[in-house]
Structure formats: structure tokens, C-alpha cells
Amino acid sequence: MTTPPRDEAAGRVSPVTYTYDWYERFFERLLDDGYTPASYDEPLGDGDLVVRHDVDLSPAKALDVGRIEADLGIRSTFFFLLTNPLYNPFHRPNRRVIHELVEMGHDVGVHFSTHQYWGEDPGDEAIETRVAAEREVFGTAFTDPSPAVSFHRPPEWVLSREFDRFISTYERRFFADVQYVGDSSQRWRDAPPDVDGGPLQVLTHPGLWGTEDATFEERVEEATAYQFDRVERFVEDEFVHDRNTIGEYDHRGTASRGADEGRNGR
Ligand SMILES: [Zn+2]
């Protein structure tokens, strides 16, 4: 996992490694080139750089990336996926991550998956209602969520579309009308993205990066193993060990169904 992936045809080490070192240098270079960090509140002009993160895999790595950027003086926006089965943004360790990002000066918001609700375009009203509901839930734990929302694996019908009740990171002014570069599926592996000095949106997925280089598949595996381990420890602590079982409901002969399940069949 620590060996840099190689370009098999040329036998050379790939020019881009998905490491925090490379990540930091990449953003350092953008700043050296004259880019200034911007947000979704304002229209982007030449030299404006809006930095966005879709947190699909790893809140822990969002924190790593947030620290790197804060040290560089970059304020970015982290979008969390409420509807994913891999991590729960409201689980305490993840809430801490989100609060820390806010304390560093970053914005946080909702990464919205249309796929969880619809197979095709349900129309503005349905989208706006559902997005508003997720933003409201997110806002119960994290004050002032970003007015911007990013769509997870955006279907064609949300691209370059504007909504009344929220800002979309795929509106023309942040997407079609500017330079837009993203690290999805580690697609920068063969070459770093070219930027031309015009308004720029950069999307990164924190879960794809790490201290050592690793392939996309390895990162997914790594993040999954991390979360599975957390689930296992949680279940052990809260449901399995006697000290924490809901023993008060487990009276002899009248054991509740929940307690039985918690004891793994006993
Ligand atoms: Zn996503």
C-alpha cells in the first residue's frame, strides 16, 4: 500500500501521489500562482479559487485536509453526506470533526444524494423541499450550515441548474462558466490538473488522500475497514459488554426482545 502506483507502460512513478505532501504542494502552488480563496457567497472573478470537499468516505480525513488548508490560509467548504450507510455525521466523533472544521474557519454543509430519493428528475419543488429538510436536520447540530449544497454523483439534470432555496455548487457560475477540476476516482493520477488563472472551483474528496500513497481501491477499502471497526467497537461497548448492556430491561424470564438481540442470541 505504501508503494507509489506505477505507470505500467512507462515503468515510471506516477507524477501525482495521493499524499498529504502532494496535496499541500498543489494548493501552495495555486496560492503562489496568485489565486485567492473565495466562497460560494460571491460571484467568482479571475484569480478566485473556491475549494470544496465532498466527504464520501472519511470525516477523519476531512479533518486532516482541513488542517492543511487552514495552515495555508485557505477557507473551504466541507459537504457531509447525511444519507450514507458508512458514517453518521451525528455520531459524536464525527460531530467533533465538523465542529473543529468550523472552528478552523471552514464552512460545512450538506452533500445531497438525489439517488436516495429519485431515479429521475422529480422537479424543482420536490428537490428543494427534500434538500431543505436535510439542511434543517444538519442545522440542528451545526449552526449556520453553508447556503451551498453539493450533489453526490450528480445526475445530468442537476448540472448547471439553479434553485431558489439554496446555492448549488453545480450552478453555471461555479461549474460551466469557470474552470472546474476534481480528484474524483483519483483521476489526477497521470497528471495534475491544468489551471489557467481564471475563476476556479477545486473539488477534492478527503478520503482519497493519506500520509502514504494508495490507489483508489485501497482508499475505499481503508475507509470501509476504519468505519467497520468503529461500528464493531460501538456495538461491543454499547450492546455486548455486561457493563453497558441495557440490563435493567433484562429481567429474568421477561427479557425484552431488544436485550436478547443485544446479547447476540443468548
Ligand atoms: Zn459524493
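The model is predicted: local features need pLDDT of at least 70, side-chain atom pairs count only at pLDDT 80 or more, and totals for chains, interfaces and linings use all residues. Residues are numbered from 1 along each chain as its sequence is written.

The protein has six helices and ten strands. Helices (H or I, at least four residues) and strands (E, at least two) are DSSP runs, numbered from the N terminus. Buried residues make up 30% of the 266 residues. A residue is buried if 20 or more other C-beta atoms lie within 10 Å of its own, exposed if 12 or fewer, and partly exposed in between; C-beta atoms are placed from the backbone. Contacts were also examined by their separation in sequence. Two residues are in contact if their C-beta atoms, placed from the backbone, lie within 7 Å. Of the contacts between residues at least 6 apart in sequence, 63% join residues at least 24 apart.

Strand S5 spans residues 77-81 and is mostly covered, with five of its five residues buried. In a regular strand the side chains alternate between the two faces of the sheet. In S5, Thr 77, Phe 79 and Leu 81 point one way. Phe 78 and Phe 80 point the other way.

S5 pairs in the parallel sense with strand S4 (residues 48-55) over four bridges. Two strands pair if DSSP finds at least two bridges between them. Val 55 has Phe 80 of S5 as its bridge partner, and Asp 54 has Phe 79 of S5. S5 is also joined to strand S6 (residues 107-112) by five bridges, and these two strands run parallel. Here the bridge partner of Phe 79 is Gly 109 in S6.

Helices link these strands. S4, helix H2 (residues 59-72) and S5 form a right-handed β-α-β unit. From S5 the chain crosses through helix H3 (residues 92-103) to S6, and this β-α-β crossover is also right-handed. A crossover is right-handed if, with the strands pointing away from the viewer, the path from the first strand over the helix to the second runs clockwise.

The axes of H2 and H3 come within 9 Å and cross at roughly 20°. H2 is therefore roughly parallel to H3. Axes are lines fitted to C-alpha atoms, for helices over the stretch in contact, and angles run from 0 to 180 degrees between N-to-C directions. Angles under 35 degrees count as roughly parallel, over 145 as roughly antiparallel, 65 to 115 as roughly perpendicular and the rest as oblique. Pro 59, Ala 60, Ala 62, Leu 63 and Gly 66 of H2 meet Asn 94, Val 97, Glu 100 and Leu 101 of H3.

S4 is largely enclosed by the rest of the structure, because seven of its eight residues are buried. Strand S3 (residues 36-38) pairs with S4 in the parallel sense over three bridges. Ala 38 stands opposite Val 50 in S4. S4 and S10 run parallel and are joined by five bridges. Val 50 stands opposite Gln 201 in S10.

Two serines have a positive phi. For Ser 160 the value is near 60°, and for Ser 185 it is near 55°. Most residues other than glycine have a negative phi. Ser 160 lies in the loop between strand S7 (148-151) and strand S8 (167-168). Ser 160 counts as partly exposed because it has 15 C-beta neighbours inside 10 Å. Ser 185 lies in the loop between strand S9 (179-182) and strand S10 (200-204). Ser 185 is exposed, with 11 other C-beta atoms within 10 Å.
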